[in-house]
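Dear colleague,

Please find below the structure that I am handing over to you.

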Amino acid sequence: MSIATKVYHPSSTSMQTTFPTRTVVVLGGSYGGSRAVQILMDGLPQGWRVVLVDRNSHLNHVYNFSRYAVLPGHEHKAFIPYNNIPYSSLSDIHSCSSHVRVQATVTSIDNHRIILSPNLQECQQSSLDFDYAIYALGSHLPSPIDLWNYQKEGGMKSSLEPPGIQQYGGTKSEGISSLRERQKRVEAATSVLVVGGGALGIQFASDIAAVYPQKRVTLLHSRHRLLPKFDDTVHEEALQGLQELNVRVILGERLDFESLQHTSSKKGSSELRVVRTLSGQEISADLLLLCTGQIPNTGLLRNLDPCAVDPDTGLACVLRTMQLCVPPPSFGLHESQADCDDDVLRQMKNLALGIDEVIGQPKLSPSIVHADIHSKSSYPDVLYSLYSLSPLSSTDTLIQSDPCQETLYPNIFVVGDAADAFDAIKAGHTSYHQAEVAARNILRLIHRDGKKPGIAAEDDLDSELEEYAPGPPAIKVSLGMTKSVYEVNGVVGTRNDGVEDLNAAAMWAAYGLRNVSEEDMFA
């Protein structure tokens with residue numbers, strides 16, 4: 001099977017359309033964004049289009065990054081072509097009336113407009129107006145798997161980042177090169193310190209120990225349990241799996257980051273460095289992997305409205321409908337809004353300028369509530385590594401509705417790692433289901449907006465907006481090349497049927513690329 005990239009070329013026919021094209025933008029094309037695009041493409045009426053904006057040329061299967069940063073030969077499988085939506089250049093996007101994807105960086109978002117720039121060319125900016133938006137930009141990944149080399153101000157970095165690629169443009173070839181450089185770093189190291197006992201840290205430590213049993217691998221975790229959000233048995237099985245691979249596991253100790261600044265080892269070097277914990281315990285290693293969490297990618301929403309993002313967590317506030325939650329000033333200030341008093345005047349100005357749009361949106365009312373539970377559905381069968389698990393679906397359940405049912409931004413939805421989604425774990429499957437709720441709610445709002453008065457309800461689009469409720473914690477984490485531990489619906493178990501590439505072909509198939517050969521996966 002050969003894979004051809006779809007490219008949109010404006011034609012005289014497409015430019016002579018007789019109806020104005022209205023737009024739903026989906027920002028971010030990973031697990032949640034891609035699912036939203038699929039639902040919208042299938043459900044939008046005539047005169048509407050989806051524009052998918054992602055800075056990457058391919059869907060990044062990030063759950064496999066840690067494996068492919070250690071084990072050579074499979075790195076190209078982590079970058080999956082966007083085969084279901086044509087590509088458009090940034091300059092052609094305004095003349096296109098059909099669904100398209102554009103590779104660009106989002107530099108700002110307003111009520112009904114985004115500003116885009118080509119990767120690595122921020123001076124060449126373009127605006128795009130939208131009617132609805134789904135914000136699925138996720139989070140900045142921990143540095144060992146962050147190909148974009150994001151660094152929080154004042155933050156420390158791992159010693160795994162390759163120095164050869166100074167600027168990253170989001171192409172597949174660059175991604176492959178970056179993972180290969182990481183493989184070389186791992187191979188050259190004699191001892192490795194992995195900081196963080198979450199899924200990413202466990203997979204890195206176990207993979208390195210399995211591929212290179214002669215290396216000394218240490219896993220340092222600040223808590224007394226691995227994967228503390230899950231059942232105790234998950235911790236016990238993960239700990240046992242690590243110990244079977246001769247990984248030294250240190251629990252209840254926190255790294256003293258001051259010791260990193262005093263080490264003589266230069267960034268990117270393989271010299272032995274000695275770091276210490278806050279209790280004074282010293283650990284030597286020539287490769288340091290900081291797998292200590294993700295930073296929500298919500299800066300654009302904070303710039304849109306400071307009240308939209310929790311200042312403590314960095315997560316975007318959302319209603320259960322997945323709409324961005326910033327109550328109108330008349331609704332009354334809540335605790336998090338107290339910090340936004342200086343912005344009230346600006347918010348009232350925004351409200352006044354867009355009063356027709358705001359009033360034109362239906363008020364949110366108690367609605368169909370869907371929770372993630374584990375059963376057969378259309379969810380890809382293959383988000384298995386790190387934070388993910390077996391197929392999920394949505395099933396009706398009863399929850400308490402949001403006390404606030406109005407927002408200044410009823411046309412902007414936030415899903416995935418960027419959203420403060422009612423204690424849902426940060427994972428591909430939760431983003432997937434949140435995106436389903438958001439996309440279906442957009443279809444409902446569009447249906448209501450275009451419906452003539454007096455027409456009786458005929459289908460599901462006439463129902464109330466859906467509300468999202470997270471299901472029970474669920475996970476599957478690999479422990480070396482073949483073993484894994486999982487928790488699904490409260491059931492904990494282990495499996496020994498893993499494969500080296502983490503069943504990458506199944507993820508390709510989930511995105512419409514079935515029966516692909518090894519050669520095809522380089523596309």
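The notes that follow describe selected strands, helices and residues, and then a pocket.

The model is predicted: local features need pLDDT of at least 70 and side-chain atom pairs count only at pLDDT 80 or more, while totals for chains, interfaces and linings use all residues. Residues are numbered from 1 along each chain as its sequence is written, and side-chain values use heavy atoms, with hydrogens and water left out.

Strand E1

E1 pairs with E2 in the parallel sense over six bridges; two strands pair if DSSP finds at least two bridges between them. In this pairing, Val24 stands opposite Val50 of E2. From E1 the chain passes through H2 to E2, in a β-α-β crossover that is right-handed. That term applies if, with the strands pointing away from the viewer, the path from the first strand over the helix to the second runs clockwise. E1 is also joined to strand E9 (residues 132-135) by four bridges, and these two run parallel. Here Val25 stands opposite Ala133 of E9.

Helix H5 comprises residues 199-211. Its 13 residues should span 18 Å at 1.5 Å a residue, and its end C-alpha atoms are 18 Å apart, which agrees; the expected span is 1.5 Å times one less than the number of residues. Of the 13 residues of H5, 11 are buried, among them Leu200, Ile202 and Ile208. Phe204 also lies in H5 and counts as buried because its relative accessibility is 0%. The C-alpha atom of Phe204 is separated by 10.0 Å from that of Tyr68, although the two are 136 residues apart along the chain.

H11 has 23 residues and reaches 33 Å from its first C-alpha to its last, close to the 33 Å expected. Since 18 of its 23 residues are buried, H11 is largely enclosed by the rest of the structure.

Two residues with positive phi

Leu227 is not a glycine, yet its phi is positive, at about 45°. Leu227 sits in the loop between strand E12 (216-221) and helix H6 (232-244) and, at 5% relative accessibility, counts as buried. Asn503 likewise has a positive phi, near 60°. Asn503 is in the loop between strand E26 (491-495) and helix H12 (504-510) and, at 37% relative accessibility, counts as partly exposed.

The second largest pocket

How much space lies in the second largest pocket? The volume is about 860 Å³. (On a 1 Å grid over the protein atoms alone, a pocket is an open set of points where a 1.4 Å probe fits, with protein on both sides within 12 Å along at least five of seven lines; lining residues have an atom within 4 Å of a point.) Among its 47 lining residues, the closest to the centre are Arg55, Leu137, Gly138, Ser139 and Asn297. Elements that each supply at least two lining residues include H2, E2 and H11.

Yours sincerely

Definitions and conventions. Grid points are joined across faces, edges and corners, and a volume is the space filled by probe spheres set on the points. Buried means under 20% relative accessible area, exposed over 50%, partly exposed in between (1.4 Å probe, protein chains only).
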